[in-house]
Amino acid sequence: MTEGNDDGNYLVRVRAQVMMRDDSTGLWVPMGGGGLSNVSVRKRVTQPDLDDSKHEYLIYGKRISDQTVVLSCTIKKDFEYYKVMPTFHHWKTGDMKFGLTFQTAADARAFDNGVRTAFDDLVEDDAALVADSEEKSRQLVEECGRVCERTFNNE
């Protein structure tokens, strides 16, 4: 397990088997033919030209044996994460259901912490946007009040 890195690309990286839920059978099946993968929670800048860079987080898995990307899933607001067993966690986003079978419970805990950090950051960013919007609205109302007061007093 690795937490963070020098270039800031990921919050956590573990080795795990990437799974997908087959709703027709109700079973979890290996993605991309199976095999152990390096799976990370990554932060990706989506609008690098802005002063206040926009970013997103994704769960990214690359099979170790042949470096095939088997998972690339953006963490969105509809993201639901479940710790079912110490070494098996799964999540749902949109209509898709993915899971990871970790090699150790410590890897699972580290991955859970990375996912929660990413999700909390996304929620925090939304709260900051709302607060900023509310402050701008308050300032606009105050300015309108001053303009209306000057207009009324000058009549």
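Which side chain does the side chain of Ser 40 make a polar contact with? Select Ser 40 and have a look: its partner is the side chain of Arg 42, at 3.0 Å. A polar contact here is a pair of N or O atoms within 3.5 Å; within protein, one must be able to donate a hydrogen and the other to accept it, and residues adjacent in sequence count only if both atoms are side-chain atoms.

Before you click on, some ground rules. You're looking at a predicted model, where local features need pLDDT of at least 70 and side-chain atom pairs count only at pLDDT 80 or more, while totals for chains, interfaces and linings use all residues. Residues are numbered from 1 along each chain as its sequence is written, and side-chain values use heavy atoms, with hydrogens and water left out.

**Stop 1: around Ser 40**

Stay on Ser 40, which sits in strand β4. Strands (E, at least two residues) and helices (H or I, at least four) are DSSP runs, numbered from the N terminus. Ser 40 counts as buried because its relative accessible area is 2%. Buried means under 20%, exposed over 50%, and partly exposed in between, with a 1.4 Å probe and protein chains only. Now show its contacts, meaning heavy atoms within 4.5 Å. Leaving aside neighbours within four places in sequence, they include Tyr 10, Leu 58 and Phe 111.

**Stop 2: Phe 111 and the core**

Select Phe 111 next. Not counting residues up to four places away in sequence, Phe 111 touches Ser 40 again, and also Val 12, Val 41, Ile 59 and Leu 100, among others. Phe 111 belongs to the largest nonpolar core, which has 25 residues; Val 41, Ile 59, Trp 91 and Phe 111 are those with the most contacts inside it. Such a core is a set of buried Ala, Val, Leu, Ile, Met, Phe, Trp, Tyr and Cys residues joined through side-chain atoms within 4.5 Å. Colour β2, β4, β5, β6, β9 and α1: each supplies at least two residues of this core. The largest share, 6 residues, comes from α1. In soluble globular proteins, nonpolar side chains tend to be buried together.

**Stop 3: salt bridges**

How many salt bridges are there? The count comes to 5, each being a side-chain nitrogen of Lys or Arg within 4 Å of a carboxyl oxygen of Asp or Glu. Pick Glu 56 and Arg 44, whose closest N and O atoms are 2.3 Å apart. This pair links distant parts of the chain, with Glu 56 in β5 and Arg 44 in β4, 12 residues apart. Then try Asp 112 and Lys 83, at 3.4 Å from N to O. Asp 112 is in helix α1 and Lys 83 in strand β7, 29 residues apart. Asp 112 is buried, since its relative accessibility is 6%, while Lys 83 is partly exposed at 49%.

**Stop 4: a hairpin**

Show β5 and β6, antiparallel strands joined by 6 bridges; two strands pair if DSSP finds at least two bridges between them. Tyr 57 stands opposite Ile 75 in β6. The hairpin has 5 residues between the strands, and Gln 67 takes a positive phi near 60 degrees there.

**Last stop: Thr 93**

Finish in strand β8 with Thr 93, which is buried at 10% relative accessible area.
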